[in-house]
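Hi,

Here is the structure I promised to pass on to you. Have a look at it first, and then read my notes below.

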Amino acid sequence: MPALINPSILSADFANLERDLHAIATADAAHVDVMDYHFVPNLTLGLPVFERLVQVSPVPVDGHLMIADPDRWAPAYAEAGAASVTFHAEAAQAPVRLARELRRLGARAGVALRPATPVEPYLDLLAEVDMILVMTVEPGFGGQSFIEGTLPKIRRARRAISEQDLDVHIQVDGGVSRDTIERAAEAGANVFVAGSAVYGAEDVPGEIETLRAMAERHVH
């Protein structure tokens, strides 16, 4: 599998989002976090801004919905043109039905798990999704440190995907940097969300390329 770098615009300048999207034009996608003050104690942006970001982004938009009631709200983000829409397992009432609806609307469907949420209940449903997002920090805020205890969960997910011979990506989000990306890749992740590590770098395209090269040595 390729190593994909999806910088998070949570670390971008919210007054200059179009400029900062173009700064990551060499990335594989732009990771856009939607937070609603309900599922997580933070608020970022909603559907109208998300839709405009899709329209001006030089790369596909990878939507991560940290919101309550994604069964109701998530399909609109697929309709807005997101390349992928990831909802949280803890918030969805009917995750398989929702994943199928997202796919019907033309988006890749992802299911996200908080650090303490076990992956086992979802291993039999892997064929219904295109990606599992293993949160490597608690969702809701940028700049947190990587939780090492999530690595065994990544390994179990990758083993199950391999055993079922599926084309399902594993994304990690939170604390991803030069210090942690190789361990996440070795565990089985292949899609890496990096916020402050990318936007805090002096050379943003160079940092994207460095992270991609580091991950590719270990992705399997």
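Asparagine 6 has valine 193 of β8 as its bridge partner, and proline 7 is bridged to alanine 194 in that strand. In total, four bridges join β1 to β8 (residues 191-194), and the pairing is parallel. Two strands count as paired if DSSP finds at least two bridges between them; strands (E, at least two residues) and helices (H or I, at least four) are DSSP runs numbered from the N terminus.

A word on the source: this is a predicted model, where local features need pLDDT of at least 70, side-chain atom pairs count only at pLDDT 80 or more, and totals for chains, interfaces and linings use all residues. Residues are numbered from 1 along each chain as its sequence is written, and side-chain values use heavy atoms, leaving out hydrogens and water.

β1 is covered on both faces: Leu4 and Asn6 on one side, and Ile5 and Pro7 on the other, are all buried (under 20% relative accessible area, 1.4 Å probe, protein chains only; exposed is over 50%, partly exposed in between). In a regular strand, side chains alternate between the two sheet faces.

The open sheet has eight strands in the order β1-β8-β7-β6-β5-β4-β3-β2, with parallel pairing. Its edges are β1 (4-7) and β2 (30-35), each pairing on one side only.

Best wishes
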